[in-house]
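Subject: Handover of a structure, with notes

Dear colleague,

Please find below the structure that I am handing over to you.

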Amino acid sequence: MTAPRVTPQQAWDALVAGNRRFIDGGPQHPRQDVERRNELTNGQVPDAALFGCSDSRLAAEIIFDAGLGDLFIARNMGHVVAESITASMEYAVANLGVAVIVVLAHDSCGAVAAAIGQMEQEPTAVPIAVQNTLAPILPSVQELWLREHRDTPYVDVSAIDADAVGRVHLAATVNQLLRSSRIISDAVAAGRLGIVGCQYQLSEGRAVAVSAVGHLDITAAEPVAAA
Ligand SMILES: [Zn+2]
C-alpha cells in the first residue's frame, strides 16, 4: 500500500484550481515539457485518478489544466463500472497513492441517450458489446422514468430529461465503485481517499462537483464565479 502524499482535500483543490484556469481561458499547461517527461521516466506519482466518459470533449488533462503524470485515468462510454475500471482505480489507490478519484459525467452524453433508447418499447438495435456496456445505465433510466410515469414501463425518449438521467447514473456509478472494491472503500473509511462525482458542463467547461464521499469538502473549493 502506497500512502498518499496529499490529503483528499488538497488533491481536489488542485483539480478545482486547474479547472478554474481552463474555464477562464488562462490555462498554464503545467508540467508538459521535456524536463517533466524526463523526470517521469522512472515512475509516476499522481495524486488524482479520474474515471470518466470517453466523450472526446472531456479531455481530462485539458479541462483540469494538468500535466504529464498528474492524472491516472480510465474512461469508457457512459462511465460504466466494469472489472477493468475497478482494477485500474484500485491500482491508483493502492500502488500509486492517489488521494482522490473523480468520477466525471457530462451533459448531452451519447451513452446515456443510447441507454434511454434501449428502454423504449421498440429499442434500437445496437451491437451486443454496446448493449452489455450500456446495461448498467438502464436502472437509472428506469428509476427516473417511473418517478413520473406510472402508466408504462416503456420510456418515451421525448418525455425524459436525459441530463437528469445522467445525474442519477453518476450517483449510481460512485456507489457502484464503492461496492465493487474493498480497497477503495477501506481507503475512504481510513480518510486517505475521497471520491467526487462531477457533472461536466460542455458550454462553460466547468466540472461541477455534485457529490462527494470521504473527508473532503467540495463546497469550500467551488469556483467563486459558479452560477
Ligand atoms: Zn458521455
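The model is predicted, so local features need pLDDT of at least 70 and side-chain atom pairs count only at pLDDT 80 or more, whereas totals for chains, interfaces and linings use all residues. Residues are numbered from 1 along each chain as its sequence is written, and side-chain values use heavy atoms, with hydrogens and water left out.

**The zinc site**

Which atoms coordinate the zinc ion? They are SG of Cys53, NE2 of His106 and SG of Cys109, at 2.0 to 2.3 Å. Donors are N, O and S atoms within 2.8 Å of the metal (3.2 Å for Na, K and Ca); water is not among the atoms, so sites may look incomplete. The spacing of the donor residues in sequence is C-x52-H-x2-C. Cys53 belongs to strand β1 (residues 48-53) and His106 to strand β3 (residues 100-106), so this pair ties together parts that are 53 residues apart in sequence. Helices (H or I, at least four residues) and strands (E, at least two) are DSSP runs, numbered from the N terminus. Cys53 and His106 are both buried; buried means under 20% relative accessible area, exposed over 50%, and partly exposed in between (1.4 Å probe, protein chains only).

**The aromatic pair**

Rings of Phe, Tyr and Trp (its six-membered ring) pair if their centres lie within 6.5 Å; planes under 30 degrees apart count as stacked, over 60 as edge-to-face and the rest as tilted. By this rule there is one aromatic pair. Phe72 and Tyr91 form it, in a tilted arrangement with 5.7 Å from centre to centre and 45° between the planes. Phe72 lies in strand β2 (residues 71-76) and Tyr91 in helix α4 (residues 83-94), so the pair links parts that are 19 residues apart in sequence. Phe72 is buried, at 17% relative accessible area, while Tyr91 is partly exposed, at 39%.

**Helix α9**

Within helix α9 (residues 182-189), the residues Ile184, Ala187 and Val188 are buried. Down the axis of α9, its buried residues fall within an arc of 100°, so they line one face of the helix; the arc is that of the directions from the helix axis to the C-beta atoms. Arg182 and Ala189, on the other side of α9, are exposed.

**The nonpolar cores**

A nonpolar core is a set of buried Ala, Val, Leu, Ile, Met, Phe, Trp, Tyr and Cys residues joined through side-chain atoms within 4.5 Å. The largest has 41 residues, and Trp12, Leu104 and Val141 have the most contacts inside it. A second, separate core of 23 residues includes Met89, Leu96, Val98 and Leu178. Met89 is in helix α4 and is buried, with a relative accessible area of 0%. Beyond its neighbours within four places in sequence, Met89 is in contact (heavy atoms within 4.5 Å) with residues including Ala49, Phe72 and Ile184.

**Glu39**

Is Glu39 buried or exposed? Glu39, in helix α2 (residues 34-39), counts as exposed, at 54% relative accessibility. Glu39 and Glu204 are 165 residues apart in sequence and 33 Å apart in space, C-alpha to C-alpha.
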